[in-house]
Amino acid sequence: MPLRPLYACLALLLLTAPATARAEESKPKNDPRIQGLSWRCIGPARGGRVSSVAGVVGDRRTYYMGSCGGGVWKSTNSGGAWKNISDKHFKTGSVGAIAVSTKNPSIVYVGMGEPDPRGNFSHGDGIYRSSDAGKTWTHRGLAATRQIGRIVIDPEDPNRVYVAALGHVYGPNSERGVFRSLDGGATWKRVHHVDEHTGSVDIAIDPFNPRVLYAGFWQVRRKPWRFDSGGAGSGLWRSKDGGDSWERLGKGLPKGVLGRIGVTASAAQKDLVYAMVEAEEGGVFRSTDGGDSWRRVNEERKLRQRAWYYSRIEADPEDADTVYVLNVRFHKSEDGGKTFKAIRTQHVDNHALWIDPHDNQRMVEGNDGGANVSVDGGETWSRVDNQPTAQFYHVAVDSSFPYRVLGAQQDNSTVSIAHTSHARNRTDFYPVGGGESGYIAVRPDNPDIVFAGSYAGWLTRHDHRTGLNRPIAPWPENPIGGGAGVLKHRFQWTFPIVISPHDASTLYVGGECVFKSTDDGDTWKVISPDLSTNDKAKQASSGGPITQDNTTVEYHCTVFTLAESPVTKGRIWAGTDDGKVHVTDDAGGTWSDVTPKGLKADAL
């Protein structure tokens, strides 16, 4: 399974009295060592990845956003502040879809499990429903869908709801496709299914006829060592009878293998539909006859780079020629998709957009930095440093006083923050080198010296006193863009960084072998052979069959965890991501394979 980031804010157990009821519920019972302790958030309050947003039609102040690790949040002041409304009710934290009924805005549906399947994401547990605008929630089934891409509600009947379920990204499962409920989620029927390898990632309802539906189906599979977007199951489908029957659309769409497909139906012009298609000849496609035929209007790479991670498209509800495409940048077209301009948002990597169907200047947008609201068509946005939903890969502490808590935030910098801080302090933290995915190690004898990693083998040494960062990577070569098999040294996206408990000047780093430095990273020595299986079949370029994607997330056959015994100096344990365990008793002079019998490497 993929590494799961630590979600929400950096948290700390502090002695407080009285303890909150929520903390009392969450603490282990009958342990006298922690009586009187409770959690508080010390920040930072900047957002994490958001792949689902929604608003209330006609209400300029109320919005919802689904964090990819922190549940559902609500704003009642146009994004000025956000409050979590799911923590006491939900069993999982990754949100993939939110929909608010236009007929009765007190009814809200949430689908769990984000649909943008990074190598470090979490699955969900189905559908939750609220009938009081998020005050209380009930679980409404579909737990085995794991990842839900979109929910749409019949505009006249809030009990008639459709779910686009992507399914299990790491293996086959049957509970994927389009599901329909006619009783508010009490019961569900799978109304369209392609196969056990293909799920639905997007669904749109025709604003002129709610019995007309369009659904994008996506064949996608992850393994620890590769990612495949696209296959025979991918395609664009239409129903004209509320989901009872479906037909595959194809005239004018790309031939050959298709990947992820986003779709949107215009409320400004009858039978106008846009689609964002991942394919060799992919791009933005437009139909003016309700999907019977299509024409590619734009093929720019900026709109379809890393298509598996984005491919969201939204039609303006009032202007037929205005359409938005979400990718690294937030793109807007005012000529029917022929040309696009980039609109600046509060963070890059854009995943979700909701536009008020009665006011096209009012929208809420989700990206890798959180959710932001605009009431002027994207000219200005609310801030994203007011939502403590940051996703942290690893957390460390140092020996200073007040002691610092350090971590690496997804798609952002590392963070150092004093344990006495508070989440409301927007400026009481700063980066300490490295990057989003890295481990952090602090010298115990000098807490001003911090070693921080990131993907692609990046490693830095940070000095708190001077603020100086300098690169000290054991193998200073940027491998992004190619497979691991051609590299001299390969480092996983989140490779281990360890300081010896016996000698603070000794630093260990894991690649396919173990590296050692005794001079703060100025020089390095390899102290082990390749400790993995070194299976070249699991080191190929990733991302096919359409778009290659190599960012070191899928780099495999590497040392994934590393530790030196706190009791015996020179006894070092190393575990690899392909199932091998080695130990040395002489600081790397010789290594023994001690993989437990019966442990099958790469079982997935």
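Me: What makes Y214, L236 and W294 part of a nonpolar core?

Reply: A nonpolar core is a set of buried Ala, Val, Leu, Ile, Met, Phe, Trp, Tyr and Cys residues joined through side-chain atoms within 4.5 Å. The largest such core has 16 residues, and those with the most contacts inside it include Y214, L236 and W294. Strands β16 (209-223), β20 (258-265) and β21 (273-279) each give two or more residues to this core; strands are DSSP runs of E with at least two residues, numbered from the N terminus. This is a predicted model, in which local features need pLDDT of at least 70 and side-chain atom pairs 80 or more, while totals for chains, interfaces and linings use all residues. Residues are numbered from 1 along each chain as its sequence is written, and side-chain values use heavy atoms, without hydrogens and water.

Me: Why is the pair of R404 and D398 called a salt bridge?

Reply: The term requires a side-chain nitrogen of Lys or Arg within 4 Å of a carboxyl oxygen of Asp or Glu. The closest N and O atoms of R404 and D398 are 2.9 Å apart, so the pair meets the definition.

Me: How do you know whether R404 is buried or exposed?

Reply: Buried means under 20% relative accessible area, exposed over 50%, and partly exposed in between, with a 1.4 Å probe and protein chains only. R404 has 15% relative accessibility and therefore counts as buried. D398, at 10%, is also buried.

Me: Why is E156 called exposed?

Reply: E156 counts as exposed because its relative accessibility is 56%. Its side chain meets that of K103 in a salt bridge (3.5 Å, N to O), and the two residues are 53 residues apart.

Technical notes. Helices (H or I, at least four residues) and strands (E, at least two) are DSSP runs, numbered from the N terminus.
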